[in-house]
Amino acid sequence: MLNEIIEEYYSSLFDTDYVGALAVIHNAKKEGVTPEEIVFEIVIPSIDRMLQSFLLNQEASISQHFLASKISEQIVDEMLPLFQQKTEKNGNIVLGTSFGDFHGLGRKIVSGCLRANLYNVIDLGLNVNPQKFIEEAINNDAQIIGISSMMVHSAVGENGCLKVKELLKEKKLTDKIKVIVGGAPYRFDKELYKKVDADGWAENAIQSIKLVGEIIEELK
Ligand code: B12
């Protein structure tokens, strides 16, 4: 059943048929597909698949990508609050997309998954400068700063993770606040997180829950 739903959804997404895509998802939910399955097995693989069609044979255009990501964001926003929740309360995480970067879907998914696991997430949104990450982490007593970067230059550039770490060092806060990163450049180069001096990285939202849990445990 899931395969048919995936194909139907992908076809609506590819046609940037907002109403159709939403109808497929809502019907799937009525038929018992869980919000987690909708996000991780339908929505995320479909956006990746569209990218492949764009890169490999130019079937999809960049504007199709943009509209498809808007549709995906809306579905993710609707599904995240419905994820199964655990009971214990955890820690504070300041999350944002790095300066100059306007890719927000992955960050929203990470944010939602962490919230669903009862972390208090302060989501700073897109295009966040390094000073803002530090200010918000201090003001919110955060144990972790999470930086999402989808482009190489926003990951390794002068306003990315390296700068955040430099500011934390100046304030002698590196023992109290850890920095984690994620996004496409880190998936392409698994050692990149070390080059930007991050304390850890995660390939996807599920892994980010594990990573955050381990770091908060170590800080206790
Ligand atoms: C959708 C998309 C867009 C949309 C973004 C819409 C939006 N609101 O987010 C639009 C069309 C606007 C766009 C624009 C551009 N894009 Co674009 N985009 C993509 C695309 C196809 C998918 C990104 C996505 O949403 N993936 C789905 C989500 C769920 O995955 P994710 O973001 O990786 O997140 C997961 C993990 O990485 C991880 N994660 C993410 N963040 C974090 C943070 C932490 C702390 C942790 C632990 C984990 C974690 O968990 C997430 C959930 O599982 C990628 C290709 C790709 N495969 O990544 C290109 C891509 C990122 N874009 C790219 C480019 C070049 C651009 C543009 C410059 C294009 C242009 N010429 O205008 C602009 C940049 C604008 C800007 N300044 O930011 C390049 C970057 C290449 C590079 N080497 O730097 C990519 C890689 C495509 C490519 N191969 O060329 N883009």
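User: Why does Tyr10 count as buried in this structure?

Analyst: This is a predicted model. In it, Tyr10 has a relative accessibility of 10%. Buried means under 20%, so Tyr10 counts as buried.

User: What makes Tyr10 and Phe14 an aromatic pair, and why is the pair called tilted?

Analyst: Their ring centres are 6.0 Å apart. Rings pair if their centres lie within 6.5 Å. The planes of Tyr10 and Phe14 stand at 45°. Under 30 degrees would be stacked and over 60 edge-to-face, so 45° is tilted.

User: Where do Tyr10 and Phe14 lie?

Analyst: Both are in helix α1, residues 2–14. They sit four residues apart, about one turn of the helix.

User: Why is Phe14 called partly exposed?

Analyst: Its relative accessible area is 21%.

User: What does the pair of Phe40 and Phe83 tie together?

Analyst: Phe40 lies in helix α3 (residues 35–57). Phe83 is in the loop between α4 (62–79) and β1 (92–97). The pair therefore ties together parts that are 43 residues apart in sequence.

User: Is Phe83 buried or exposed?

Analyst: Buried: its relative accessible area is 6%, and the cut-off is under 20%.

User: What makes Arg49 a charge over the ring of Tyr10?

Analyst: Arg49 lies over the face of Tyr10, at 3.9 Å from the ring centre. The distance limit is 6 Å.

Notes: Residues are numbered from 1 along each chain as its sequence is written. This is a predicted model: local features need pLDDT of at least 70, side-chain atom pairs count only at pLDDT 80 or more; totals for chains, interfaces and linings use all residues. Side-chain values use heavy atoms; hydrogens and water are left out. Helices (H or I, at least four residues) and strands (E, at least two) are DSSP runs, numbered from the N terminus. Buried means under 20% relative accessible area, exposed over 50%, partly exposed in between (1.4 Å probe, protein chains only). A charge sits over a ring if NZ of Lys or CZ of Arg is within 6 Å of the ring centre and within 35 degrees of the ring normal.
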